[in-house]
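Please look over the structure below before reading on. The report after it works through the chain part by part.

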Amino acid sequence: MKGIPRLRLLSYGVIAYMLLAFAWWSVLLFTKNRDAFAAKRELLHLVMIAREEINTDEDFFKSKPYLELEQSYKRQEWMVLGEALVFVISLVIGVWLINRGYNKQVMAAQQRRNFLLSITHELKSPIASIKLVLETFRKRKLRDDQIQKLSNNGLKEAERLNTLVTDLLLSAKLETAYSPYMEDLNLAELLEDLVYKIQDKSPKAQLHFHHQTNISDMHGDKAGLTSVFINLLENAIKYSSGNPVIHVSIKQKNNHIQIEIADNGIGVPDKEKEHIFEKFYRVGSENTRTTKGTGLGLYIVKEIIKAHKGNIQVKDNLPKGTVFCIELPVEKINKTDDQLLEEQKINQA
């Protein structure tokens, strides 16, 4: 990465040289073309005088041979000007594409660097905690309450590590071979159960669930949608300071189910809204962030929603916070032959 700024300066230097050289050759070409026209004009003038085709200069400038020569000269001037314009436009477009590609490369490299830094911390932290718990069990005789407390901490860290590994595997699968297993789902019940589970894990948060009485069943990947809702609910708590207040609502409008998860957290700046669903992307830098994460959660959310032919948007929650809006189609999705065969085997068993 250290060599990229030098390479960029070198490319700009080459571009500047090309522009100067092109300007020089353009001026030279205009000059040569003008000199050639002047020479041809004088020669034509002498020939016409020798042939006694003209008597005065005015006759010469009105003669057909001179007008044709002048017209040819002007065409050549416009040709040179047009080629110069095409060259400059092409060069500008090329510079813009190079600069855009460079910025994308730098951003991707920065995101990979941030991901490696965060994933290293996210992996080492629970491993170190679990190791400490096991060493404590081995070296000390503990009371029952101490054993219970350390066991709970170890299980919590193991669950955190398992979630991280699952996200890593799922993000890799989403790029190549993700195929949602579609089954009949009551999305309202699934979401309500997850809200209660998250509430139990985070007693300081206030989670409120609102839903219509009549929500149609849909076909969806239960594991995938569970991952979507858990990611969004945990993010809502993680990015809300103090006592988070989370409102979760689900309703049906025509043939679509609409889910909203609103928090009172720090919000998402407008310039970041179009990037937060990119892989490895996190708002801010590793030096300024205070929350843990890998930048995979919202990428997984978007890809799973996309696989269900739905869409997700992020909006501001007034007076502060963020609202994630999900829309999923209710219409049946045809199952694949493999899924039908697997269901048949389960029913036969």
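What follows describes the overall make-up of the chain, the confidence of the model, and then some local features.

**Overall make-up and confidence**

This is a predicted model. The secondary structure of the protein chain comes to eight helices and seven strands. The chain has 349 residues, and buried residues make up 33% of them. Its accessible surface is about 23100 Å², and carbon and sulfur atoms hold 57% of that area. Among contacts with a separation of 6 or more, 71% are between residues 24 or more positions apart.

The mean pLDDT of the protein chain is 81, and 86% of its residues reach 70 or more. Where is confidence lowest, and where is it highest? The lowest value belongs to helix 8 (residues 337-348), with a mean of 55, and the highest to strand 7 (residues 322-329), with 94. Over residues 285-289 the pLDDT is below 50, and this stretch has seven contacts in the model beyond near neighbours in sequence. Where pLDDT is low, the predicted coordinates should not be read in detail.

**Salt bridges**

The count of salt bridges comes to seven.

| Residue | Partner | N to O distance |
|---|---|---|
| R143 | D145 | 3.2 Å |
| E159 | K201 | 3.7 Å |
| D316 | K273 | 2.9 Å |

The salt bridge between R143 and D145 joins two side chains. R143 is exposed, because its relative accessible area is 51% and the cut-off for exposed is over 50%. D145, at 48% relative accessibility, counts as partly exposed.

In the second pair, E159 forms a salt bridge with K201. E159 lies in helix 4 (residues 144-176) and K201 in helix 5 (residues 187-201), so this pair ties together parts that are 42 residues apart in sequence. E159 is partly exposed, with a relative accessible area of 44%. This pair also belongs to a network of salt bridges, in which E159, K201 and E234 are linked.

D316 lies in strand 6 (residues 311-316), and K273 lies in the loop between strand 5 (256-262) and helix 7 (297-307), so the pair ties together parts that are 43 residues apart in sequence. Are the two partners buried or partly exposed? D316 is partly exposed, with a relative accessible area of 44%, whereas K273 counts as buried at 16% relative accessibility.

**Helix 3**

L85, I89, I93, W96 and L97 make a nonpolar surface patch of about 510 Å². One of these residues, I89, is found in helix 3 (residues 64-139). I89 is partly exposed, with a relative accessible area of 44%. An α-helix has 3.6 residues a turn, so residues three or four places apart point the same way.

T136 also lies in helix 3. T136 counts as buried because its relative accessibility is 17%, and buried means under 20%. A polar atom of the T136 side chain lies 2.7 Å from the backbone oxygen of L132. Which residues does T136 contact, leaving aside its neighbours within four places in sequence? They are L142 and L150.

**Helix 7 and the residue after it**

The buried residues of helix 7 are G297, L298, Y299, I300, V301, I304 and I305. Just after helix 7, K309 takes a positive phi of about 60°.

**Backbone features in loops**

Two further residues with positive phi lie in loops. E52 has a phi near 60°, a positive value in a residue other than glycine. E52 is found in the loop between helix 1 (3-50) and helix 2 (57-62), and is exposed, with a relative accessible area of 69%.

N254 has a positive phi of about 55°, although it is not a glycine. N254 sits in the loop between strand 4 (245-253) and strand 5, and counts as exposed at 65% relative accessibility.

Which two residues are joined by a cis peptide bond? The bond joins L318 and P319, and its omega is about 5°. P319 has its place in the loop between strand 6 and strand 7.

Conventions: Residues numbered from 1 in each chain as written. Predicted model: local features only at pLDDT ≥ 70, side-chain atom pairs only at ≥ 80, totals over all residues. Heavy atoms only, no water. Salt bridge = Lys/Arg side-chain N within 4 Å of Asp/Glu carboxyl O. Buried < 20%, exposed > 50% of the residue type's maximum accessible area, 1.4 Å probe, protein only. Helix = DSSP H or I, 4+ residues; strand = E, 2+ residues; numbered from the N terminus. Patch = residues over 30% accessible without salt bridge, like charges linked within 9 Å, V, L, I, M, F, W, Y side chains within 5 Å. Areas by Shrake-Rupley, 256 points an atom, 1.4 Å probe, with all protein chains shown as cover. pLDDT = per-residue confidence, 0-100. Contact = heavy atoms within 4.5 Å. Polar contact = N/O pair within 3.5 Å; in protein donor to acceptor, adjacent residues only side chain to side chain.
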